[in-house]
Amino acid sequence: MGCFPDFVGSDALTARIGDAVRRGRLSHAYLIEGPEGSGKRTFATMIAAAVSCERRGDEGADLPCGACPACKKILSLRSTDVHYLDRGDRASVPVEAVRDLRREMALSPTELDTRFFIIDDADLMTPAAQNALLISLEEPPAGVLILLLATSSDGLLPTVRSRVQTLRLEPVSPDLVTAYLLRVSPEAKKLKAEGGGKLEAVIAAAHGRIGVALEYLTPKREAALLKTRETVAGVIRAAVAGNSYAEICRAVFSLPTKRAELSSHLVPLTEAIRDLVVLKRAPESPLLFYVDRDEAKALSDKADYPRLVRVYDACRDATDAVQANGNVQTVLTSFAVAVSR
Ligand SMILES: [Zn+2]
């Protein structure tokens, strides 16, 4: 039977870890790396369940089985032997929190054979916090498994990185995300029934991260996402069609003028124009923004390659200028000028 059957994607990784669990060959510390919403916490919790699962040695059972008392307790986040630490409202994970956790590691398990210490936002541990954790990674107490979760290992000290094995979660394919959402989310089913590419738009925007897709499926986020996409599509249409400066300005100034909101529009705007550039050279390549390939192809055909690249560069320049605190009105005006040349 399968390993981590309820964890979607990253099949090679889940098979490898499942095999290590069954053979009792897990390392004492892992770093689970993946973008926001890619399922790091879910996977860490499932590893804890797999290690503690009463049917772990049973080749005929799924791992974790999800049904034994240990699995049930861990997967419903009620086990006193699974400890979570994250930064909460703080900008970083402070050294005191790690020292508290270290003291906890010295105690004996209360329910299970192994105790689990899951540190989320591990890349946001202060250097002092990482150094405090280092001795636990070097000399781990018996019966302790440490799982660090991070969007990127870049924020970790080399000494920490060298003492953990890295498990990288890969983005999940759009087909698997779709199948999963239709299985668990009534909102996804509703969007699918409504048609018009709405569910596909949510899935495209999530870029293979199931947690992000589920977040977009709350009605408020969903409406905001669809509105953003509409605005972005309007700017792209005006930009590639070579409209007059006045028309391009009208489209460009429909973008929000608040810095953070503008930033969050410039990401899909850049992805959209990137799609059109890529389609010129590689018609079958995966698209980041458009869900309707024919629509994207028609848009791409409207402009020549140099023009599309010019719009792409204008998007990148606008993104850099917004990040560098440039005046938003000036950024939008420069963008409109660059695009209408
Ligand atoms: Zn079980």
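Predicted model: local features only at pLDDT ≥ 70, side-chain atom pairs only at ≥ 80, totals over all residues.

Biologist: Okay. And α9 itself, is it largely enclosed or largely open?
Modeller: Largely enclosed by the rest of the structure, because seven of its nine residues are buried. The helix covers residues 198-206.

Biologist: Which residues in α9 are buried?
Modeller: L199 is one, then the run A201, V202, I203, A204, A205 and A206.

Biologist: What covers them?
Modeller: The cover includes α7 (174-184) and α8 (186-194), along with α10 (210-216) and α11 (219-240).

Biologist: Since you brought up α11, how does it pack with α12?
Modeller: Their axes are 8 Å apart, at an angle of about 165°. That angle is over 145 degrees, so α11 and α12 count as roughly antiparallel. The crossing of this pair is left-handed.

Biologist: Which residues make that contact?
Modeller: From α11 you have G234, V235, A238 and A239. On the α12 side, E247, I248, A251 and V252 take part. By class, six are nonpolar, one is polar and one is charged.

Biologist: Switching topic: how do α4 and α5 cross?
Modeller: α4 is residues 95-105 and α5 is residues 127-138; their axes come within 8 Å and cross at roughly 15°. With an angle under 35 degrees, the two are therefore roughly parallel to each other. Their crossing is right-handed.

Biologist: And who meets whom there?
Modeller: α4 brings V95, V98, R99, R102 and M105. They meet A128, A129, A132, L133 and S136 of α5. Seven of the contact residues are nonpolar, one is polar and two are charged.

Biologist: Let's zoom out. How is the protein divided into domains?
Modeller: Domain 1 runs over 11-168, domain 2 over 173-217 and domain 3 over 223-340.

Biologist: What separates the centres of domain 1 and domain 2?
Modeller: 29 Å, with the centres taken over C-alpha atoms. Five residues from domain 1 and five residues from domain 2 form the contact.

Biologist: What classes are on the domain 1 side?
Modeller: Where domain 1 touches domain 2, there are one nonpolar, three polar and one charged residues.

Biologist: Great, that gives me a start. Thanks!

Methods. Residues numbered from 1 in each chain as written. Axes fitted to C-alpha atoms, helices over the stretch in contact; angles between N-to-C directions. Helix = DSSP H or I, 4+ residues; strand = E, 2+ residues; numbered from the N terminus. Parallel < 35°, antiparallel > 145°, perpendicular 65-115°, else oblique. Left-handed = near helix turned anticlockwise from the far one by under 90°. Contact = placed C-beta atoms within 7 Å. Nonpolar A, V, L, I, M, F, W, Y, C, P; charged D, E, K, R; others polar. Buried ≥ 20, exposed ≤ 12 C-beta atoms within 10 Å, placed from the backbone. Domains from an automatic or database assignment.
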